[in-house]
Amino acid sequence: MREEEIAAGLAAVRNRIEVACTSAGRDPAGVTLVVVTKTYPASDVQVLAKLGVTDVGENRDQEAAPKAAEVAALGAQVRWHFVGQLQRNKCRSVVEYADVVHSVDSVRLARALAGAAERHRDRPLDVLVQVSVDGDPARGGAVVGSAVEPDRDVDRVALTIAEAGPLRLAGVMAVAPLHWSAGAAFEKLAEISARMRAAHPEATAVSAGMSGDLEPAITHGATHVRIGSAVLGTRPKLR
Ligand SMILES: *Cc1c(COP(=O)(O)O)cnc(C)c1O
């Protein structure tokens, strides 16, 4: 039965989080599990909510918008985290259902999101700056000290969010680059987070760690882990 499958995956992941917190000397209450439900149906989100999951993540607006509406219609209450690459023309839709956006990586995107949030919601939207820990501008993520591309400079992106009334700067997010060890990537992210908190003490969230690397993420201070396949099963190949 699907519910038993999900319950087993969830128990295993919750156990991994606890073990990682114990070895890091951290309180598991300081780590929020965001179950990434992309490719899985609204009925799975309903099961997750029943099993005590409060936070779910999605990476594409085309999938997330109808799913969030369906979940609401089923009467389940969850917080929606938008974790994927975000196009400016999707901001209007995303602000309608998202409670947190993890993936703002440019000044232009921050401004577009602020504009949409201003018109389409009555409370501030939590926003994390997605950073590229290896500084490679070819992939997603804002970059530290990017003199070349001011639009992608971490400090400017953070300041734009912090100064936008409809947005609340919540912290940083990263995906470990393929050619880096997860430990090195999340150590670097922790440094970037500390730098940001020096200027913006409220930006305490560190979104790091997926199914394969949640342990090193917790070692290096993750406050949010984004877990898909370890809870819900291996996704069919996308596209
Ligand atoms: C899909 C996705 C995840 C979850 O990945 P798993 O390896 O299935 O745990 C986390 N973060 C982002 C940005 C994703 O797109």
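User: Which helices and strands each supply at least two residues of the lining of the largest pocket?

Analyst: Bear in mind that this is a predicted model. The elements are helix 3 (61-73), helix 5 (107-120) and strand 8 (224-227).

User: How many residues line that pocket, and which lie nearest its centre?

Analyst: The lining of the largest pocket has 44 residues. Nearest the centre are Val83, Gly84, Gln85, Gln130 and Val175.

User: How does the lining divide into nonpolar, polar and charged?

Analyst: The lining has 15 nonpolar, 15 polar and 14 charged residues.

User: And how much space lies in the pocket?

Analyst: About 1200 Å³.

User: OK, ligand now. Where does it sit?

Analyst: In the largest pocket.

User: Which residues are around the ligand?

Analyst: Val36, Lys38, Asn59, Val83, Met210, Ser211, Arg226, Ile227, Gly228, Ser229 and Arg235. By class, that shell has four nonpolar, four polar and three charged residues. Val83 is also among the residues nearest the pocket centre.

User: What lies 2.5 Å from an oxygen atom of the ligand?

Analyst: A polar side-chain atom of Ser211. For Lys38, an N or O atom of the side chain is 2.7 Å from a ligand oxygen.

User: Ser229: backbone or side chain?

Analyst: Backbone; an N or O atom there lies 2.8 Å from an oxygen of the ligand.

User: How much of the ligand's accessible area does the protein cover?

Analyst: On its own the ligand has 390 Å² of accessible area, and the protein covers 88% of that.

Terms used. Residues numbered from 1 in each chain as written. Predicted model: local features only at pLDDT ≥ 70, side-chain atom pairs only at ≥ 80, totals over all residues. Heavy atoms only, no water. Near = heavy atom within 4 Å. Polar contact = N/O pair within 3.5 Å; in protein donor to acceptor, adjacent residues only side chain to side chain. Areas by Shrake-Rupley, 256 points an atom, 1.4 Å probe, with all protein chains shown as cover. 1 Å grid on protein atoms, 1.4 Å probe; cavity = no way out; pocket = protein on both sides within 12 Å on 5 of 7 lines; lining within 4 Å. Sits in = over half its atoms within 2 Å of the grid points. Nonpolar A, V, L, I, M, F, W, Y, C, P; charged D, E, K, R; others polar. Points joined across faces, edges and corners; volume = space filled by probe spheres on them. Helix = DSSP H or I, 4+ residues; strand = E, 2+ residues; numbered from the N terminus.
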